[in-house]
Amino acid sequence: MTSYVENETEVELPFNTQELVSRIMDAVTEMEHCPYETTVNVLITDNAGIRAYNREYRGLDKETDVLSFPNIAFEHTADFGAAEADGADCFDPDSGELILGDIILSVERVLTQAKEYGHSVLREFAFLMAHSMFHLCGYDHMEEQDATIMEKKQEEILARLGITREL
């Protein structure tokens, strides 16, 4: 499992982001029974940065907390067989790892939302990472039923990792 984390801001978070990203990746891929070692790229940016990415890739000229860009065209959630069908486009030619996709987080939104929701910055960052990892595994929350499933899985991952709202 490989995660590449780049922080293009001056903000230093009060925890090891690389370690936390790896723990969440590991927990989600285990929960979803991913049969491969995986790679995920994470970019930590500011509100202006995420707004620019949101505008460029989604056509939405507004800030958001997190963007997820899955590399696999899932027909069914967590059906990693779809990666085999796409072959070379889904696997890193050097490591052989499955490239799940890219995640972009706004550190400003992480800090603001942690304060708004009354929990730690670590908990907010972890929640957004778990949320995005499930998107990279083919989950969505456009329909109420799908949102409920995704929310339950996010909370289960955070509980497994001992990351509670009280932290």
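Contact here means heavy atoms within 4.5 Å. Helices (H or I, at least four residues) and strands (E, at least two) are DSSP runs, numbered from the N terminus.

**Ground rules.** This is a predicted model, where local features need pLDDT of at least 70 and side-chain atom pairs count only at pLDDT 80 or more, while totals for chains, interfaces and linings use all residues. Residues are numbered from 1 along each chain as its sequence is written, and side-chain values use heavy atoms, with hydrogens and water left out.

**Confidence.** I looked up pLDDT, the predictor's confidence in each residue, from 0 to 100. The chain averages 94, and 99% of its residues reach 70 or more.

**Sheet.** I traced 4 strands in an open sheet, ordered β1-β2-β4-β3 with mixed pairing. The edges are β1 (2–7) and β3 (66–70), each pairing on one side only. The twist averages 15° from one strand to the next. Two strands pair if DSSP finds at least two bridges between them; β1 and β2 run parallel and are joined by 6 bridges. I checked Val5 and found that its bridge partner in β2 is Val42.

**Helices across the sheet.** For angles, axes are lines fitted to C-alpha atoms, for helices over the stretch in contact, and the angles run from 0 to 180 degrees between N-to-C directions. Helix α2 (residues 47–58) lies across β2, β3 and β4 (98–106), at about 40° to β3. Helix α4 (residues 107–117) lies across β2 and β4, at about 65° to β4.

**Back to α2.** I list Asn47, Gly49, Ile50 and Asn54 as its buried residues. They cover an arc of only 160° around the axis, which puts them on the same side of α2. The arc is that of the directions from the helix axis to the C-beta atoms. Ala48 and Glu56 are exposed on the other side of α2.

**α6.** Ala147, Met150, Lys153, Gln154, Ile157 and Leu158 are the buried residues of α6. Their arc is only 135° around the axis, which puts them on the same side of α6. Their cover includes α1 (17–31) and α5 (121–136). On the other side of α6 I have Glu144, Gln145, Lys152 and Ala159 as exposed. Gly162 follows α6, with a positive phi near 75°.

**Arg123.** I found this arginine in helix α5. Arg123 counts as buried because its relative accessibility is 2%. Leaving out residues up to four places away in sequence, Arg123 touches Glu155, Leu158, Ile163, Thr164 and Arg165.

**Positive phi without glycine.** His33 has phi near 55°, positive in a residue other than glycine. His33 sits in the loop between α1 and β2 and, at 67% relative accessibility, counts as exposed. Ala78 also has a positive phi, about 55°, and is not a glycine. I placed Ala78 in the loop between β3 and α3; at 17% relative accessibility, Ala78 counts as buried.

How values were computed: Buried means under 20% relative accessible area, exposed over 50%, partly exposed in between (1.4 Å probe, protein chains only).
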